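I set out to record what I looked up in this structure, in the order in which I looked. The entries below are brief.

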Amino acid sequence: MKPSPPVKQPGNVGEVLRRRLSEIKRTPEELAEAAQVPTEYIADLIAGRRRPPLPGRTDLYERMTPFLRLGRNDLATAARAERARPAPTARTGSDPAIMC
């Protein structure tokens with residue numbers, strides 16, 4: 001099986017992981033094993049509960065890329081784009097619009 005075409009418009013790392021796992025018919029558990037990280041870490045990335053690793057974390061991306069059959073820089077490009085956006089803020093329940 002040949003590698004996927006390059007990610008044209010990087011969305012976020014979770015979307016890339018979810019899409020590729022589906023395309024290659026593999027599980028998040030298998031990716032976690034290949035990347036040598038806990039399954040919960042991959043699940044959090046896919047669900048968007050965790051920000052992606054820094055693009056410079058080549059050790060992690062180098063383990064994920066061949067397993068997912070992605071282009072060399074696809075994950076780092078998606079991570080860079082995602083990290084450039086502001087991180088979502090946690091809701092504390094003290095919304096000033098609600099307080100009267």
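I first read the protein along its sequence and noted the pattern α-α-α-α-α. I count five helices and zero strands in the protein, where helices (H or I, at least four residues) and strands (E, at least two) are DSSP runs numbered from the N terminus. I note that this is a predicted model, in which local features need pLDDT of at least 70 and side-chain atom pairs count only at pLDDT 80 or more, while totals for chains, interfaces and linings use all residues. Residues are numbered from 1 along each chain as its sequence is written, and side-chain values use heavy atoms, with hydrogens and water left out.

**Entry: surface and contacts**

Of the 100 residues in the protein, 33% are buried (under 20% relative accessible area; exposed is over 50%, partly exposed in between; 1.4 Å probe, protein chains only). Among contacts (heavy atoms within 4.5 Å) with a separation of 6 or more, 62% are between residues 24 or more positions apart.

**Entry: nonpolar core**

I then examined the largest nonpolar core, which has 22 residues. Such a core is a set of buried Ala, Val, Leu, Ile, Met, Phe, Trp, Tyr and Cys residues joined through side-chain atoms within 4.5 Å. The residues with the most contacts inside it are Leu17, Leu31, Val37, Ile42, Met64, Leu68 and Leu75. The elements that give two or more residues to this core are α1 (13–23), α2 (28–35), α3 (39–47), α4 and α5 (74–84). Helix α4 gives the most, with five residues.

Which residues does Leu17 touch, not counting those up to four places away in sequence? I list Leu31, Leu45, Ile46, Met64, Leu68 and Leu75.

**Entry: Ser22**

I located Ser22 in helix α1. Ser22 counts as exposed because its relative accessibility is 53%.

**Entry: second largest pocket**

I recorded a volume of about 150 Å³ for the second largest pocket. Its lining consists of Pro55, Thr58, Tyr61, Glu62, Thr65, Arg72, Asn73 and Ala76. On a 1 Å grid over the protein atoms alone, a pocket is an open set of points where a 1.4 Å probe fits, with protein on both sides within 12 Å along at least five of seven lines, and lining residues have an atom within 4 Å of a point. Helix α4 (residues 58–68) supplies the largest share of this lining, four residues.

How values were computed
Points joined across faces, edges and corners; volume = space filled by probe spheres on them.
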